[in-house]
Amino acid sequence: MSNFPATLFTGQHFVVLGLGRNGLPAVCALAQSGATVQAWDDGEAARAALAKAVTALPQDAAARITSAPIESLTGADGLVLSPGIPHVLPKAHPVAIMAQEAGVPILSDAELLYRAVRKAGSKARFAGITGTNGKSTTTTLLAHILAEAGVLVAAGGNLGPAALALPLLPDNGVYVLEMSSYMLERLDTLHFDAACLLNLTPDHLDRHAGMEGYARAKTRVFTHQTAQDLAVIGVDDDYCRDIAKTLQAGPAQCVTISGANPDCDVYGQDNAIWQAGQCLARLGPSLPGSHNAENAAAACAMARFLGVPDAALAAAVLSFPGLPHRQKLVAEQDGVAFIDDSKATNADASARALGCYDRLIWIAGGMAKEGGIASLTPYFPRIVHAFLIGRDAAQLAETLTAHGVPFTLSGTLESAVPAAYDAARNTGTPVVLLSPACASFDQFSGFEARGLRFLELARTVTEQPQTGKAD
């Protein structure tokens, strides 16, 4: 691994709008690679973060950065928009309209990473992973497998480090990128040697004009693939099954995966991953449920294509420690396990967790996605009691009331966690599950902050002296 050449983008000019976890690293990386950059964010705190970051750069790189409102894109080679800023729907940002009228390409930082790697002369391969759910686990698992097998790997994108914060890898290295639909719709030349679409359920529909537009954005992960590449597609939902029919016609080699369907090329069964009757890997406790078997099947298929030997593959999957906030055991006391699944920001993600436990206390709520939790009704008989938090708790309560699920409107995690522990101990329920089925931004900076607060509260209540069941 090494830094990109300081003259890589000399003579090029980029405009960066939005200075969050993607935008700020993009500004710094582009300037350090020779480009001039105009950067802006409407938030004062983000602009202050840029000013602080600039002071840490080499003087020549810092001199190539200006911070000013964007009034013209004349001479720009590209506009890098924060993934959360729309360029079409639900309403295009004025700067995005300016770019479209001026013919300036709107790019993701992943696209610029690919251009930088190729411009630097590296033949490092790229693996791209997308899907409504499971992409973070699959991305991290694949990177873990590659690293354990001795492959130089850099992972990031929508997960972890921003794409342009990753180092330059040599020819034998592999970039593993988690790709959101927002990032995928802003690709130009990026070509994934191994690409995966895990699953599709309704999400971000306002941004993509419905499910068809969302599916089109997701399938861009396979753009530019050739006969030398690999396309991995989950077939546990109707949308992806239809997409698989197209992918199987080529040009890339197509591998179908499933969490439980043995008719697929790579699938989960008996807590293991199989291909053509061969057990590729056993799954440890960090990968529970058929949804994680689907994730592991994808990672195994991609790792084998990228040259990982079967023995190294099996050992790496078994040693995978799991991800924070994805069904992580964070505390245990008096026969009650506290499970942090804060990453479950929609109902489909929560369904994957709810399906893993026969009886549970459920903590849910926040900013509900379209459809709320109506799709979770098959799992309601497993819920002994629900504790609802956040902005849309009342909306979730209406659904639970209609199906006779007992609940408490707790409002906050601070209220919900101790009450959930008491309820679990009083009813002999073995699991308190935080799987919100909602976004977190009403009360937290993100799902990570929500999960960390749950961990703190769970450890606080379980470390207090107990005298038996709650009163």
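Biologist: What makes L388, F407 and L409 contacts of A397?

Modeller: Contact means heavy atoms within 4.5 Å. A397 touches L388, F407 and L409 on that test, with residues up to four places away in sequence left out. One caution: this is a predicted model, so local features need pLDDT of at least 70, side-chain atom pairs count only at pLDDT 80 or more, and totals for chains, interfaces and linings use all residues. Residues are numbered from 1 along each chain as its sequence is written, and side-chain values use heavy atoms, without hydrogens or water.

Biologist: Where is A397, and why is this residue called buried?

Modeller: A397 sits in helix α14, residues 393-402. Helices (H or I, at least four residues) and strands (E, at least two) are DSSP runs, numbered from the N terminus. Buried means under 20% relative accessible area, exposed over 50%, and partly exposed in between (1.4 Å probe, protein chains only). A397 has 6%, so the residue counts as buried.

Biologist: How far apart are A397 and F387?

Modeller: They are 10 residues apart in sequence and 9.4 Å apart in space, C-alpha to C-alpha.

Biologist: How do you know how many disulfides the structure has?

Modeller: A disulfide is a pair of cysteine sulfur atoms within 2.5 Å. The search covers the whole structure and finds zero. Take C240: the closest cysteine sulfur is in C196, at 8.8 Å, so the gap is too far for a bond. For C279 the closest cysteine sulfur is in C300, at 9.2 Å, also too far.

Biologist: Are C240 and C279 buried or partly exposed?

Modeller: C240 has a relative accessible area of 0%, so it is buried. C279 is at 28%, so it counts as partly exposed.

Biologist: What makes helix α5 largely enclosed by the rest of the structure?

Modeller: Count its buried residues. Helix α5 covers residues 109-119, and eight of its 11 residues are buried, so the rest of the structure largely encloses it. The buried ones are D109, A110, E111, L112, L113, Y114, A116 and V117. After α5 comes G121, with a positive phi near 95 degrees.

Biologist: What makes a set of residues a nonpolar core?

Modeller: A nonpolar core is a set of buried Ala, Val, Leu, Ile, Met, Phe, Trp, Tyr and Cys residues joined through side-chain atoms within 4.5 Å. In soluble globular proteins, nonpolar side chains tend to be buried together. Here the largest core has 67 residues, and L30, L113, Y175 and F192 have the most contacts inside it. Helix α1 (residues 23-32) gives the largest share of this core, seven residues. Another core lies apart from it, with 39 residues, among them I145, V174, L313 and V317.

Biologist: Which residues does Y175 touch?

Modeller: Its partners include F4, L113, V117, F126 and L168, with residues up to four places away in sequence not counted.

Biologist: How do you know how many cavities there are?

Modeller: On a 1 Å grid over the protein atoms alone, a cavity is a set of points where a 1.4 Å probe fits but cannot get out; lining residues have an atom within 4 Å of a point. Points are joined across faces, edges and corners, and the volume is the space filled by probe spheres set on them. The search finds one cavity of 30 Å³ or more. The largest cavity has a volume of about 70 Å³.

Biologist: Which elements and residues line the largest cavity?

Modeller: β4 (78-81) and α7 (181-184) each supply at least two lining residues. The lining includes N22, V80, L81, D109, Y182, M183 and R186.

Biologist: Why is P436 called buried, and where does this proline lie?

Modeller: The relative accessible area of P436 is 0%, so the residue is buried. P436 lies in the loop between β21 (431-434) and β22 (438-439). Its contacts include D341, S350, I363 and R450.

Biologist: What makes the phi values of H224 and D334 worth a look?

Modeller: Neither residue is a glycine, yet phi is positive: about 75 degrees in H224 and near 55 degrees in D334. H224 lies in the loop between α9 (211-219) and β10 (230-234). D334 lies in the loop between β15 (328-333) and β16 (336-340). H224 has 43% relative accessible area, so it is partly exposed. D334, at 41%, is partly exposed too.

Biologist: Where are cis peptide bonds found?

Modeller: One runs from L89 to P90, with omega near 0 degrees. Another joins G250 and P251, with omega about 10 degrees. P251 is in the loop between α10 (238-247) and β11 (253-258).

Technical notes: 1 Å grid on protein atoms, 1.4 Å probe; cavity = no way out; pocket = protein on both sides within 12 Å on 5 of 7 lines; lining within 4 Å.
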